[in-house]
Amino acid sequence: MPTDEGLALYAAATDATTRLGLPLLEVGTYCGRSTILLAEAAREAGTVTVTVDHHRGSEEQQPGWEYHDPDVVDPEVGRMDTLPTFRRTLHAAGLEDHVIAAVGRSPQVAAVWGKPLALVFIDGGHTDEHAAADYEGWAPHVAPDGLLVIHDVFPDPADGGQAPYRIYRRALASGAFTEVSATRSLRVLRRTGTNPPA
């Protein structure tokens, strides 16, 4: 995540959790770079950040793909495992007490979640299937006046995949969200409508 997008995410998290006093939630932990931004905002507001990831990597991080990192492959099972790196990231930042790591698939965790959230940050899998499941699972948990933040929104297909762009458009079309800001590929939406996200 570029610095300007990271700063915009941190500002959104600080705003949402300060106003609402509710937890923050991230879909797509990877090694924890964005988690520490959210966790610092949560720490300042006296709440927590929940981060959801199966830690086996998304599609583009698998062997043979552009974003594959062989250093995060567990040699014993032969699959990616970013959880140890994530834990070291949190420890180094001194933010372990401000993060709850939910290790599992986003739709499964969303199905048992029952608390409103100040902010939901969607930065998980980038296929239509995964992005839609993240949106459908978590957007309903954004509290009134809370924020939905979506990363990797590229209106031009030449710039990147279209699944995050499609859920961004879907959120706006639902009437439940209004755009607050755009910083490169990061979109911040506020839950303003009374309609449930569709």
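## Starting at F177

Let's begin with one side chain and its neighbours. Leaving out residues up to four places away in sequence, F177 touches Y135, A139, V142, L148, A171, L172, L189, R190, R191, T192 and P197 (contact means heavy atoms within 4.5 Å). This is a predicted model, where local features need pLDDT of at least 70, side-chain atom pairs count only at pLDDT 80 or more, and totals for chains, interfaces and linings use all residues. Residues are numbered from 1 along each chain as its sequence is written, and side-chain values use heavy atoms, with hydrogens and water left out.

## The core around it

F177 also sits in the largest nonpolar core, which has 25 residues; L25, V120, Y135, W138, L148 and F177 touch the most other members. A nonpolar core here is a set of buried Ala, Val, Leu, Ile, Met, Phe, Trp, Tyr and Cys residues joined through side-chain atoms within 4.5 Å, and buried means under 20% relative accessible area (1.4 Å probe, protein chains only). The elements giving two or more residues include β1 (24-27), α5 (128-138) and α6 (163-173), with helices (H or I, at least four residues) and strands (E, at least two) being DSSP runs numbered from the N terminus. The top contributor is α6, with four residues.

## Where α5 meets α6

On the α5 side, D128, A131, A132, Y135 and E136 meet A163, P164, R166, I167, R170 and A171 of α6.

## The whole chain

The chain has six helices and nine strands. Of its 198 residues, 45% count as buried.

Notes
Buried < 20%, exposed > 50% of the residue type's maximum accessible area, 1.4 Å probe, protein only.
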